[in-house]
Structure formats: C-alpha cells, structure tokens
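Reader: Please take a close look at one part of this model, the helix packing, and then turn to the ligand site. Keep it brisk.

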Amino acid sequence: MTLDIIEESKRLEDSGAGEILDWTFEHFDASKVKMSTSFGADGMALLHMMHSRGHRPKIFTIDTGRLFQETYNVWQKVIDQYGVKIEVYGPDPADLHELVESGGPNMFYQSVENRRKCCEIRKVRPLNKALQDTDVWITALRRDQAPSRATTPILSHSSQYDLLKVCPLVNWSEVNAWEYIRNNGIPYNELHDKGYPTIGCSPCCRPVPPASDRRAGRWWWESGDDKECGIHIEDGKIVRKKKANFVI
Ligand code: SF4
C-alpha cells in the first residue's frame, strides 16, 4: 500500500494524539517504528499514551555524556514502571576524544560553531545510528515550543534520515502535556519543578522565569529564536534512499 503523506497528515489534523498513534501502528509494523525520548514532559506523556494503548515500538534515547542526574533518575523510573527496554545511543569515543582534546570540555561556550560541533558529535551522529533500518520515527515535538517548530506537520518525510516522521503532539500546548501527566500519575523529571521547562544537557540548560520564552534556557548565551541542536532540522542531505511505501 502506498500512502499519500501530505493528504494523510492534513486529515489527521482533526484527530487526537492517541488516534495519530493508532493510525501509525495500523499502517506500519511496530518492529520498524522507533520513538525517541529525552525523558522531558512531552516525551513522558507520549510514552505513557503509547504504552497504555498497547503500542510497543522500540524506544531509544541519546546519552550525550552531559545529562543531569535527574534525567537518569526518571530514565530509571521509566524502566521500572513500564518494564520497557530503552535503547541507548551515544557519541563515538574517537569523535568525543578529539572534540574534548582539541577544544576542552566546555568548548561549546566559545562560539555557535563550536556548540553546533558538540551537538553534531554528541546528538546528531548518534541519532543517525539510532534511526538506521527504521521506517517511522515518533517524536514529541509541539508547534508552540519554538518558532522553528511552528509549522511542524503531523506526518512528514524526513530527507535527513529517510523515514516517516510522526509528531502526534504537534497541536498540544504545554498545559495539555501537564494536565495529561498529572491526570495519569506519569513520572517526570524533577527539574521541571525547579523552573526548567525543557531539559537537555546540563551545561546548556538553565531555569527560566514562568512568563518567559520556554526555550530561553537552552544555549542561553546565544541569541536568536532558531536555536536547535540539529536533530530536527532538515538540511536536504539525503542520508539513505527513500522508503518505497509512502509518497510525498
Ligand atoms: S546541548 Fe551542549 S553539551 Fe549537549 S551536545 Fe549540545 S553543545 Fe554539547
């Protein structure tokens, strides 16, 4: 069967997040579907929703080597509470050695170029490994998280990773995510209670005041509203050949 991804994506705009997940597993084999998580609030809500609806894709995370202890704590809770296996990907030791030896452990503060290099080695390359032999990548992106995410489709063909990217929470707000978490007793990263709206690597995240831009704490020393680590940017680079079972 061939799916017209643009048309299906438009049709799913009227569906809830759970229905989008159901659509995904009706059309694709769960063994070829992967969900990424960094154990943030949205990811935890999505993981719980998927689990409670009986969907069992592979779940993976990227351990950059610079995460908060609180992130490891909630990661452990996910394993204990849901009984799921979390695949772990991380930077190549040789790449990391060269990065730290040439620039120092805090080289990312020195320039945007250095920061992007660190994200490339610690996040983007491991993600490329994680998504090998995968047809569908489920992520917890929301449109209101950042201007760079405002037009994120529910379904899209990722030319960067050559797969179908599914974002069931695009129409959620931060309030929706927290209502779902509290109503369902879902574990979450305790740093959210300490003023961190989003959580990534410890040297590159800090708390923000309640009324401010929710991503202002990410790479706070940089300016501009397009701050991304590179894993959700389509650069047009074709890494592998396009899958045959959907069209764009
Ligand atoms: S968020 Fe910071 S520490 Fe983490 S990979 Fe990017 S630059 Fe490196």
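Author: Helix axes here are lines fitted to C-alpha atoms over the stretch in contact, and angles run from 0 to 180 degrees between N-to-C directions. The model is predicted.

Start with helix α5, residues 93-103, and helix α6, residues 112-130. Their axes cross at roughly 165 degrees and come within 10 Å. Angles over 145 degrees count as roughly antiparallel, so α5 is roughly antiparallel to α6. The crossing of this pair, α5 and α6, is left-handed.

Now take helix α3, residues 41-52, and helix α7, residues 174-184. They pack at about 55 degrees. Their axes lie 9 Å apart. The two helices, α3 and α7, are therefore oblique to each other. The crossing of α3 and α7 is left-handed.

Next, the ligand. It sits in the second largest cavity. Around the ligand are Phe108, Arg115, Cys118, Cys119, Arg122 and Lys123, together with Cys201, Cys204 and Trp219.

Methods:
Residues numbered from 1 in each chain as written. Predicted model: local features only at pLDDT ≥ 70, side-chain atom pairs only at ≥ 80, totals over all residues. Heavy atoms only, no water. Near = heavy atom within 4 Å. 1 Å grid on protein atoms, 1.4 Å probe; cavity = no way out; pocket = protein on both sides within 12 Å on 5 of 7 lines; lining within 4 Å. Sits in = over half its atoms within 2 Å of the grid points. Helix = DSSP H or I, 4+ residues; strand = E, 2+ residues; numbered from the N terminus. Parallel < 35°, antiparallel > 145°, perpendicular 65-115°, else oblique. Left-handed = near helix turned anticlockwise from the far one by under 90°.
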